Each structure stands twice: as structure tokens, then as C-alpha cells.
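Please study the sequence and the three-dimensional structure shown below. The text after them leads through selected parts step by step.

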Amino acid sequence: MMSSVVTRVPVFAANWKMNKLVREAPEYVERLNALLGELYSALSFEVLIAPPATHIQSVSASLQGLPIKVAAQNCGTARAGAFTGEISPAVLKELACQWVILGHSERRHIFNEEDSLIASRLRAALEEGLNAVVCVGEVLQDRKAGKTFKVIESQLALFNSAKGAFQPSLLRRVVVAYEPVWAIGTGENATPQEAQEVHAFIRNWLSEKVSPEEATAVRVVYGGSVKAENSGQIMAQKDVDGLLVGGASLDPNTFAAIIKNGLKTRLPGAPI
Ligand code: PEP
């Protein structure tokens, strides 16, 4: 078993998906900062905003001087080249984007991205110095067939092919997101116990394949129909280190409430 002393800094990510106009971004950032500003000076936690790629420059500019970071929703497999429609991780860096979400279920299931492609994206992102949120998760059919762990294990193997991603120094720049596909955008979240079970599985897997130290340090976040009403209970689980929020993150008031409720149970006694 892993150490029960939790030193991992909670991280909350807002995945805007293909929503919002560029001109709507500054107001969102301003509101979120107004709601979280005081907490930042009192507590240690991270917040990421993942807008569409077209909005990154505007969001980065609005975030200047704030502790909130911007994340891309995907990135290319190389610095440059003949890859029409792709976005270079080097350009993301140039736009002050420090994070990228990879392997999101919408990329896997709508755009048929496979583990090998996600592994190439991860390698390119890490080589460029980006941090990555790597998503894994089973579809309902697999859960019903009792294959959840098998699916998660096969997806985690992409770290093997993202050569070098297993180096402890690089793994520290990775957040693993457990996002059951049946819970994304459906209003039906995994129960806190279901989430904990898979998070513990992921941590144990990392412990065996990398090292117990790295597994203890890596943050594993949950995503799938997170709302202000369930974020506290989910964050109360010992292996849940944060939340990846889609639909409910589009409103800064709701996203801030999700973060606050999550932090309340994660950091009991904290002045929230
Ligand atoms: C997501 O986009 O990663 C997600 C979890 O979406 P939602 O919160 O809407 O289920």
C-alpha cells in the first residue's frame, strides 16, 4: 500500500472543450480570480484552464501574474512539420501554455485517437517541457463486463511507448486523469468509491512499473460529471488529487464552487 500521508498539491482543471468565444475569455478569468484570489494566498493548490487552441493567447494574456495556468486540449507529435491541422507543442510553449490534456475520451472516441498516437503526443509534449494531463477511462460496456482494470491497465501502457515518460523526473510532470467514458457529459458521475478504487489501481500500477516514490508523488485526478454537489465527496477519497471538469467549468461561479467544496474535504480545517 502507498503512504497515507498526502503531500500532493490538489489540481483542478477546467476543460472548455469547443465552447466560448475568444472575447468571452477575459471576463471568465477575471471572475474566477476574484472568487479564488484569497484562497491562493492561504492554500496550496493549482488551477488550469483548457480553452480551445484559438483562445490560448488571449487566456494566457488574461492570466499574466495570476497563479492560474493555461492548458491546451491536445498537441502535435513533433515540433514542426507536415502535420496539417495539428498544433506544435513548441508553439504552445511560445504562447505561455505550460500544460496539455492528452487522450481525452472525446479524442479517443470521436476522433479515433489510439494509445500509440497519444504516446507520441505525450513524448513530444514532455520533450518540449510541457506538463501533461493524460486521460484514461473505460466505456460502460467494459465496466459492465468487469473489464475496468484491464482497460485502464492497457491504456496506462502508453507510458511505456512514450519513451522516457517513465523517467521519474518526467513522470512528475504528468497528471493522470481517470475519466470513465460513461460519466463524461452524461450527468452520471462515478461514485466516490468507484473513483477511489480505480485511482488506487492506477497508483499501485505506477508503483509497480515505476517506483513507489513516484507513484506516491503523481497526482491522479477524477473527471466525469463533476458538479459543486459532488466535488467534496469525490475529493474526500484518499487517492483523488484533483478534478478535471468539463460542462460545469464553463461557469466560473460553478467552477469556483467545485474547487472550494473539493478543497474543504481535501484540506479539512483549511480557512475556506
Ligand atoms: C471532461 O471534459 O473532461 C469532462 C469530464 O466533462 P464533464 O465534466 O462535462 O463530464
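This is a predicted model: local features need pLDDT of at least 70, side-chain atom pairs count only at pLDDT 80 or more; totals for chains, interfaces and linings use all residues.

Residues are numbered from 1 along each chain as its sequence is written, and side-chain values use heavy atoms, with hydrogens and water left out.

The ligand is surrounded by 14 residues, the closest being Lys17, Glu179, Gly185, Ser225 and Gly246; a residue is counted here if one of its heavy atoms lies within 4 Å of the ligand. By class, this shell has four nonpolar, eight polar and two charged residues. In this scheme Ala, Val, Leu, Ile, Met, Phe, Trp, Tyr, Cys and Pro count as nonpolar, Asp, Glu, Lys and Arg as charged, and the others, Gly among them, as polar.

For His104, a polar side-chain atom is 2.8 Å from a ligand oxygen, and for Asn15 the distance from a polar side-chain atom to a ligand oxygen is 3.0 Å. Ser225 instead places a backbone N or O atom 2.8 Å from an oxygen atom of the ligand. Taken alone, the ligand exposes 290 Å², of which the protein buries 96%; such areas come from the Shrake-Rupley method with a 1.4 Å probe.

Gln73 is in contact (heavy atoms within 4.5 Å) with Asn15 and Lys17, among others, leaving aside its neighbours within four places in sequence. Gln73 itself lies in the loop between β3 (69–72) and α3 (89–94); helices (H or I, at least four residues) and strands (E, at least two) are DSSP runs, numbered from the N terminus. The side chain of Gln73 reaches the backbone oxygen of Lys17 at 2.9 Å, and a polar atom of that side chain lies 3.0 Å from the backbone oxygen of Ala50. Is Gln73 buried, exposed or in between? Its relative accessible area is 23%, so Gln73 is partly exposed; buried means under 20%, exposed over 50%, and partly exposed in between (1.4 Å probe, protein chains only).

Strand β7 (residues 219–223) is largely enclosed by the rest of the structure, because five of its five residues are buried. Strand β6 (residues 174–178) pairs with β7 in the parallel sense over four bridges, where pairing requires that DSSP finds at least two bridges between the strands. β7 also pairs with strand β8 (residues 242–245), in the parallel sense over two bridges.

Conventions: A polar contact is a pair of N or O atoms within 3.5 Å; within protein, one must be able to donate a hydrogen and the other to accept it, and residues adjacent in sequence count only if both atoms are side-chain atoms.
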